[in-house]
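This briefing is intended for a reader who is meeting the structure for the first time. Please keep the sequence and the model in view while going through the points below.

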Amino acid sequence: MSALLLSGRSASAKILADLKPKIAKLNPKLVVVQVGDDPGSSSYIKQKIKSCTEVGMRSQHRHLQAATSLSDLLKLVADLNADPDVTGFIVQLPLPEHLQSHVPDIIRAIDPKKDVDGFGAYNLGKVFLSKDFEHLPPATPAGIIMLLEHYKIPVASKHAVIVGRSNIVGKPLAIMLLNRDATVTVCHSKTKDLAAMSRHADILIAAIGKPKFITKDMVKPGAVVIDVGTSRVDGKLTGDVDFVAIQEIASAITPVPGGIGPMTVASLIKNCVQAKERQIEK
Ligand code: NAP
């Protein structure tokens with residue numbers, strides 16, 4: 001068996017094409033704040049700005065020096081909150097060492113109405129209520145859900161196993177899958193016999209950050225495998241899943257690159273459009 005390739009590139013192209021008329025009408029603007037020169041961040045930001053340009057959405061890259069102080073960064077966040085022309089903004093993570101421990105304070109300072117990464121407690125909390133309250137959901141889990149929907153992969157009554165419990169991927173994704181009637185197991189570094197868990201998955205999602213951590217023996221034949229991981233190995237972007245071996249037994253699988261990355265960007269742009277709609281309503 002050779003797995004169906006779940007292409008985030010083609011799914012995101014369709015989602016963005018569908019958003020184009022709304023973008024033309026609403027004219028939203030996304031601001032991406034970068035502090036320092038983390039090479040991974042620079043490449044992700046380039047993708048975000050490029051996608052905005054392609055879909056006709058205004059965007060701006062605010063690039064601050066690595067030595068920027070917490071108070072200067074918080075001042076910029078306050079300015080962006082107050083600027084009526086800015087629909088939404090994100091502070092690209094990771095931040096330089098001296099700011100990293102302040103990430104919760106920085107996220108808390110972002111106006112929930114402009115929190116298009118969906119990382120703040122208000123938008124995360126709404127995700128807990130039900131599917132109907134997923135207004136600005138965290139971009140990567142929302143991108144995964146959109147990819148499953150695009151390929152018409154049923155979620156209800158399936159057993160989804162997520163490896164990774166971060167606040168930006170694993171935990172919110174678990175809730176979003178529960179909202180869609182999946183039965184969800186969340187695994188992490190303290191999970192005993194992870195392979196026994198992952199082998200039960202109808203849908204297996206890896207969000208760990210360890211290249212090729214998920215091996216063929218950890219996957220049930222016929223499972224849908226979603227690889228969120230992005231690590232650099234010899235300069236090459238590598239996922240958490242041993243793609244070559246697992247595509248032989250999975251029913252569907254995402255590639256890295258070209259899988260969840262483009263879906264995250266599409267989801268960010270969709271959030272920006274949704275934020276603008278709400279701002280106009282209010
Ligand atoms: P994170 O905050 O570092 O979380 C990693 C998770 O993996 C943690 O829950 C950790 O468990 C778990 N883990 C680590 N080692 C493990 C092990 N040996 N067995 C089982 N679980 C283990 O990472 P993240 O921010 O969620 O990101 C995960 C990966 O996705 C990274 O490669 C990141 O670059 C990528 N990512 C990609 C996108 C995209 O758009 N493509 C977006 C976001 C993230 P503990 O909680 O017990 O420590």
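The crossing of helix α2 with helix α11 is right-handed in this predicted model. Helix α2 covers residues 39-55, and its axis comes within 10 Å of that of α11, at a crossing angle of roughly 60°. That angle makes α2 oblique to α11.

**Contact of α2 with α11**

- On the α2 side, the contact is made by Gln47, Lys48, Ser51, Cys52 and Val55.
- On the α11 side, Val265, Leu268 and Ile269 take part.
- Sorted by class, this contact of α2 with α11 holds five nonpolar, two polar and one charged residues.

**Packing of α1 against α11**

- Helix α1 (residues 8-26) packs with helix α11 (residues 260-281) at an angle of about 20°, and the two axes are 9 Å apart.
- Because angles under 35 degrees count as roughly parallel, α1 is described as roughly parallel to α11.
- The crossing of α1 past α11 is left-handed.
- The residues of α1 that meet α11 include Gly8, Arg9, Ile15, Leu19 and Leu26.
- Their counterparts in α11 include Pro262, Met263, Ala266, Val273 and Ile280.
- By class, the contact of α1 with α11 comprises twelve nonpolar, two polar and five charged residues.
- Ile269 of α11 takes part in the contact with α1 and also in the contact with α2.

**Surroundings of the ligand**

- The ligand is surrounded by 19 residues, of which Arg165, Ser166, Ser189, Thr230 and Thr264 are the closest.
- A polar side-chain atom of Thr230 is 2.7 Å from an oxygen atom of the ligand.
- The side chain of Thr264 has an N or O atom 2.9 Å from a ligand oxygen atom.
- Val228 places a backbone N or O atom 3.5 Å from an oxygen atom of the ligand.

**Backbone features**

- Most residues other than glycine have a negative phi, and most peptide bonds are trans.
- Leu93 and Pro94 are joined by a cis peptide bond, with omega at about 0°.
- Pro94 is located in the loop between β4 (88-91) and α4 (97-100).
- A cis peptide bond also runs from Val256 to Pro257, where omega is near 0°.
- Pro257 lies in the loop between β11 (252-253) and α11.
- Lys212, a residue other than glycine, has a positive phi near 50°.
- The loop between β7 (203-206) and β8 (224-227) contains Lys212.

Definitions and conventions:
Residues are numbered from 1 along each chain as its sequence is written. This is a predicted model: local features need pLDDT of at least 70, side-chain atom pairs count only at pLDDT 80 or more; totals for chains, interfaces and linings use all residues. Side-chain values use heavy atoms; hydrogens and water are left out. Axes are lines fitted to C-alpha atoms, for helices over the stretch in contact, and angles run from 0 to 180 degrees between N-to-C directions. Helices (H or I, at least four residues) and strands (E, at least two) are DSSP runs, numbered from the N terminus. Angles under 35 degrees count as roughly parallel, over 145 as roughly antiparallel, 65 to 115 as roughly perpendicular and the rest as oblique. A crossing is left-handed if the near helix is turned anticlockwise from the far one by less than a right angle, and right-handed if clockwise. Contact means heavy atoms within 4.5 Å. Ala, Val, Leu, Ile, Met, Phe, Trp, Tyr, Cys and Pro count as nonpolar, Asp, Glu, Lys and Arg as charged, and the others, Gly among them, as polar. A residue is near a molecule or strand if one of its heavy atoms lies within 4 Å of it. A polar contact is a pair of N or O atoms within 3.5 Å; within protein, one must be able to donate a hydrogen and the other to accept it, and residues adjacent in sequence count only if both atoms are side-chain atoms.
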